[in-house]
Amino acid sequence: MTIKEYLQHTAALVEKQLQEILTAPSPREETLFAAMRHSVLAGGKRLRPALFLATLQACGKDGKGYLPFAAALEMIHTYSLIHDDLPAMDNDDLRRGKPTCHKVYGEANAILAGDALLTHAFAVMAEQPAPARPLLQAIAWAARQAGVDGMVAGQAADVAAAGQEIDEDLLRYIYRGKTGALFSASIISAAYLAEAGEERIETLKRYSDLLGYIFQIVDDVLDIQGDAAILGKPIGSDAKNAKTTYATLLGCDAAMAYATELAAQARELLWAWPEEAEILREMPSFFCARKL
């Protein structure tokens, strides 16, 4: 199965799970759930659930019983997108080719939809049938990576750095938080659930960090050279918000060369892993090949 086929297959499974989870319990909650569904069910490759399921596979665990946890990871990711698009943040009008949540449901409802997705995601995770200790380790890791040890901290640093010249060290910190942390949440939570062992988990932590850098560097280049019709969101947001990126620090060609170098490092980490890890091995190159 190619990566594209794998992503299509896992996306269909996760999509069905999300539709079940995001059904309003009564008419009173329908507006809230409609705003949640608007953003969650707007499409996308479902990369984080796919990475979660691919890691389970690489560690010898069947992922079919873990689809609720995979869907919850997508809910956390979508909450971050809703809030990232708000006027106080990036102030974007499009996401995945559709009007952003606050453009359709208003800013207050968009904030609440994001809050609801985040909190409900952890309820879904906690109800996942799994042995208690690995489940608690997985949830704790996901929570830390989504919050002050990861994504929220990275976003806060990104906001603080807007309009300023920053060095590469701070830029890597921001990328590790705002992008890499949710890849880490997906990959390492799966490793805990699979009871992969300390050595494999440490390898996967390094791998997930590299994957986050690769994805965000390519995203920087796409924000300059990409096609909004293909990406499903406006280009030029970084320039509009006066953000320093690898594309502005190095230039687009050098930034892509650096992403390619990091992809080789990420693949090398898993070189000796069994055939079941092939999706993880090929994912860094797939990220580098995203449409310009």
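The buried residues of helix α7 (buried means under 20% relative accessible area, with a 1.4 Å probe and protein chains only) are covered by elements that include α4 (67–84), α6 (107–126), α8 (151–161), α9 (168–193) and α10 (198–225). Contact here means heavy atoms within 4.5 Å. Helices (H or I, at least four residues) and strands (E, at least two) are DSSP runs, numbered from the N terminus. This is a predicted model, in which local features need pLDDT of at least 70 and side-chain atom pairs count only at pLDDT 80 or more, while totals for chains, interfaces and linings use all residues. Residues are numbered from 1 along each chain as its sequence is written, and side-chain values use heavy atoms, with hydrogens and water left out.

**Helix α7**

- Helix α7 runs over residues 132–146 and has 15 residues.
- From its first C-alpha to its last, α7 reaches 21 Å, close to the expected 21 Å; the expected span is 1.5 Å times one less than the number of residues.
- Pro134, Leu135, Ala138, Ile139, Trp141, Ala142, Gln145 and Ala146 are the buried residues of α7.
- These residues lie on the same side of α7, because they cover an arc of only 160° around the axis; the arc is that of the directions from the helix axis to the C-beta atoms.
- An α-helix has 3.6 residues a turn, so residues three or four places apart point the same way.
- Ala132, Arg133 and Leu136 are exposed, on the face of α7 turned away from its buried side; exposed means over 50% relative accessible area.

**Cavities**

- The structure holds three cavities of 30 Å³ or more; a cavity is a set of points on a 1 Å grid over the protein atoms alone where a 1.4 Å probe fits but cannot get out.
- The largest cavity has a volume of about 80 Å³, a volume being the space filled by probe spheres set on the points.
- Of the 13 residues that line the largest cavity, His38, Ser39, Ala42, Asp85 and Arg95 are the closest to its centre; lining residues have an atom within 4 Å of a point.
- At least two lining residues come from each of α2 (30–40), α4 and β2 (98–99), and α4 gives the most, with three.

**Positive phi**

- Arg46, in the loop between α2 and α3 (47–58), has a positive phi near 55° and is buried, with a relative accessible area of 2%.
- Asn91, in the loop between α4 and β1 (94–95), has a positive phi of about 55°.

Technical notes. 1 Å grid on protein atoms, 1.4 Å probe; cavity = no way out; pocket = protein on both sides within 12 Å on 5 of 7 lines; lining within 4 Å.
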